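Student: I have a model open and want to learn how to read it. Where do we start?

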Amino acid sequence: MVLLPPHFAFPAKAAHGRIPRRARTALGSHPAHRPRLLLCLGTTLAALTLAGCDESAPPEDPRWGSLISERTYGVISKRDRITIVFTRDVAGEYLIGRPTTGVLVLEPAVEGAATFVSTRELVFAPAADLPSGQEYRATLVREGLLGLPDDLGDYPFDFSVMQQRLELLVDGLDAESGEEDGLVLTGSIVTADFAESEAVEGVLSAEQDGAGLEIRWQHGPDGLNHRFAVQGVTRSGRDDEVRLRWNGRGIAIYERGSQDIPIPAQDVFRMITVRAESDDRQYALVRFSDPLDPNQNLNGLVSLGEESITLEVQGNTLRIIPGDRVIGTVTVVLEEGLRSADGKRFEERSETEVTFVDVKPGVRFAGRGVVLPRADTG
């Protein structure tokens, strides 16, 4: 919810034209309660935006500001319901839980049911997911409500559905259990709005040397986070690559692209990726081509700018944890002499800049990973 000051007036409407009045049915009455001025934001809010004004839109009666305490507003998820909460009883108890026609009109039209869940709250439940990016004009029909001034006009308001987006995050390569030269490429797809698991799986494909690779998936219950693991990546006597391809058409994103992930040769020990993580716990995550020697002394071999650090080795990954929280760009330095578990040595000094950002809770697409590079439309 977003609290609004007592003098707030609901904004002007976007250009959808006037909606015709419909036949109405009186619903009931009850004493009013003290008004609250709040906005009901969809459960997955991408942005709070106001549509442009339209000179042809019907004028809003300022009295509605004291009659409505909450309503759907701004940008909502395609799975959200449309909600209006009143400051007084506007429906008889006999209507609670029963679909009601003619009290809420949507343009464009949406199949679904409007129901009073209490004498003060009206909820419209769409029969199917709303189209991504669609803008709507809703009109609350006054003549379908009780206890309101007879000369009060209908109440129009606007909202829109979140535009679907995706972010491809590539973690890196890990040794495949039981396979000496087998690797697994892991990562995730994060969507801005809910996406069906099967549709997301159709977005991504992987290949090495022209042969398709199996992708295994784990989908989060929120429909936003989708982990993948590319199986059967092989490491040979030469440098190679795995190509990831994506096409978002199946989840209403009309972009496609690809990314090549380098696969080092068997006799090479090198750094693969460095990434800054700025969640609850800050660290720079370094991923190597081979598991690190867990018993080596790393003092003087690893640094993170001028920060005091703690190091954690796990398989082929190294976490560099700063002593104090860092905001901004610092340099990860890896010195010659780092050893893999099988004795290979890191032969060339590496310097990589990483950026730690102050990520606030609930913010998506904070700049990690690869966001549709070399994207083509179509």
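Tutor: Start with contacts, and keep in mind that this is a predicted model. Contacts to residues beyond the close sequence neighbours show what the fold brings together. Setting aside residues within four places in sequence, Glu111 contacts Phe124, Pro126 and Ala127.

Student: Where is Glu111 placed?

Tutor: Glu111 sits in the loop between β5 and β6. Its C-alpha atom is 8.7 Å from that of Ala125, a residue 14 positions away along the chain.

Student: Is Glu111 buried or exposed?

Tutor: Read the relative accessible area. Glu111 has 66%, and over 50% means exposed, so Glu111 is exposed.

Student: How does Arg287 read, buried or exposed?

Tutor: The cut-off for buried is under 20%. Arg287 has 7% relative accessibility, so this residue counts as buried. Arg287 belongs to strand β19, residues 282-288.

Student: What does the side chain of Arg287 reach?

Tutor: It reaches the backbone oxygen of Asp171, at 2.9 Å. Beyond four places in sequence, Arg287 also touches other residues, including Gly172, Leu173, Met271, Thr273 and Asn316.

Student: Which residues touch the most other members of the largest nonpolar core?

Tutor: Look for buried nonpolar side chains joined by contacts. The largest such core here has 27 residues, and Trp64, Phe86, Leu104, Leu140 and Leu145 touch the most other members. Strands β3, β4, β5, β6, β7, β8 and β9 each supply at least two residues of this core. β9 gives the most, with four.

Student: Which residues does the second core include?

Tutor: Leu168, Val200, Val203 and Ile215 are among them; that core is separate and has 25 residues.

How values were computed:
Residues are numbered from 1 along each chain as its sequence is written. This is a predicted model: local features need pLDDT of at least 70, side-chain atom pairs count only at pLDDT 80 or more; totals for chains, interfaces and linings use all residues. Side-chain values use heavy atoms; hydrogens and water are left out. A nonpolar core is a set of buried Ala, Val, Leu, Ile, Met, Phe, Trp, Tyr and Cys residues joined through side-chain atoms within 4.5 Å. Buried means under 20% relative accessible area, exposed over 50%, partly exposed in between (1.4 Å probe, protein chains only). Contact means heavy atoms within 4.5 Å. A polar contact is a pair of N or O atoms within 3.5 Å; within protein, one must be able to donate a hydrogen and the other to accept it, and residues adjacent in sequence count only if both atoms are side-chain atoms.
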